[in-house]
Amino acid sequence: MAGEHERTDDPFIAEEARWADRYGLLFLLILLSLVLTAANTTWLKIAAVLVQGGVVLFAFLAARAGRRAWRVAVVLVPLAVILGIAGRFGDSRAAEGVAAAMNLVLPAAAIVVLGRRIVMEPFVSSRTIIGLLCVYLLIGMTFAATYITIAVVSDEPFFVQTDHDAQPVDFTYFSLVTLATVGYGDFTAANPMPRMLTAIEGLTGQLYLVTVVAVAVSRVRTRRDRSPEG
């Protein structure tokens, strides 16, 4: 009987392991995308935009998005990459605004498709935890893109500590520090709306870790737990 259960479970276990690897690779791609926001050369800046687009497409792949979602992603992601590159090196405020808005929509869309896939999982496993951590980092990317969009549209210094345009790495750093509720204080938002958004991000990061991730970890089931008794 035990042998029969093992043979029955083998295809499922292989499928689970395959998608678990993809969640892990997605997590590494998101980390690479975050690191590349510190790029200070032309080619690295281009690579940063390309990797960010790749992260979104890979998130749709890992989430096994439907055909309609794929069609939208295949059109919007390359467009966002082109606009992102143009916005990084162009002088047009309108182009920068459009690029910033696109870079806000894409990680938010990745959060939606990943979240939908995770909710559909029949049980909580280590793969689920990795997926939830990917969502956590994507939340940080989405808030960073939101701050960049506000800075471009308002055409005012976003941070109290800077009297000039901040760099993408400044927004990414500020977003992740806020999401993790570290609160170094070396960057603070200058205007009321960004201040409220940073407060919301801090609360989101804290509640996400102590509720969503913590509850998921407490309900992790191993393969042995899921195997029927022989």
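These legends describe close-up views of a predicted model. Local features need pLDDT of at least 70 and side-chain atom pairs count only at pLDDT 80 or more, while totals for chains, interfaces and linings use all residues. Residues are numbered from 1 along each chain as its sequence is written, and side-chain values use heavy atoms, with hydrogens and water left out.

**View 1. The largest nonpolar core.** This core holds 51 residues. A nonpolar core is a set of buried Ala, Val, Leu, Ile, Met, Phe, Trp, Tyr and Cys residues joined through side-chain atoms within 4.5 Å. Buried means under 20% relative accessible area, exposed over 50%, partly exposed in between (1.4 Å probe, protein chains only). Leu-26, Ile-30, Leu-114 and Phe-158 touch the most other members. Helices giving two or more residues to the core include H1 (2-36), H4 (93-119) and H5 (126-154). H5 gives the most, with 12 residues. Helices (H or I, at least four residues) are DSSP runs, numbered from the N terminus.

**View 2. Surroundings of Phe-158.** Which residues does Phe-158 contact, leaving aside neighbours within four places in sequence? They are Tyr-147, Ile-150, Ala-151, Phe-171, Phe-174, Thr-188, Ala-189, Ala-190 and Pro-194. Contact means heavy atoms within 4.5 Å.

**View 3. Phe-159 and its ring partners.** The whole structure has 13 aromatic pairs. Rings of Phe, Tyr and Trp (its six-membered ring) pair if their centres lie within 6.5 Å; planes under 30 degrees apart are stacked, over 60 edge-to-face, the rest tilted. Phe-159 and Phe-171 have ring centres 5.3 Å apart and planes at 35 degrees, so this pair is tilted. Phe-159 lies in the loop between H5 and H6, and Phe-171 in helix H6, 12 residues apart. Phe-159 is buried at 1% relative accessible area, and Phe-171 is buried at 4%. Phe-159 also pairs with Phe-174, edge-to-face: 5.1 Å centre to centre, 75 degrees between the planes. Phe-174 sits in helix H6, 15 residues from Phe-159. Phe-174 is buried, at 7% relative accessibility.

**View 4. The aromatic cluster.** Ring pairs join Phe-143, Tyr-147, Phe-158, Phe-159, Phe-171, Tyr-173, Phe-174, Tyr-184 and Phe-187 into a cluster.

**View 5. The largest cavity.** Its volume is about 50 Å³. A cavity is a set of points on a 1 Å grid over the protein atoms alone where a 1.4 Å probe fits but cannot get out; lining residues have an atom within 4 Å of a point. The lining residues are Val-49, Gln-52, Gly-53, Val-56, Ala-80, Val-81, Asn-103, Leu-106 and Pro-107. H2, H3 and H4 each give two or more residues to this lining. H2 gives the most, with four residues.

Key:
On a 1 Å grid over the protein atoms alone, a cavity is a set of points where a 1.4 Å probe fits but cannot get out, and a pocket is an open set with protein on both sides within 12 Å along at least five of seven lines; lining residues have an atom within 4 Å of a point. Grid points are joined across faces, edges and corners, and a volume is the space filled by probe spheres set on the points.
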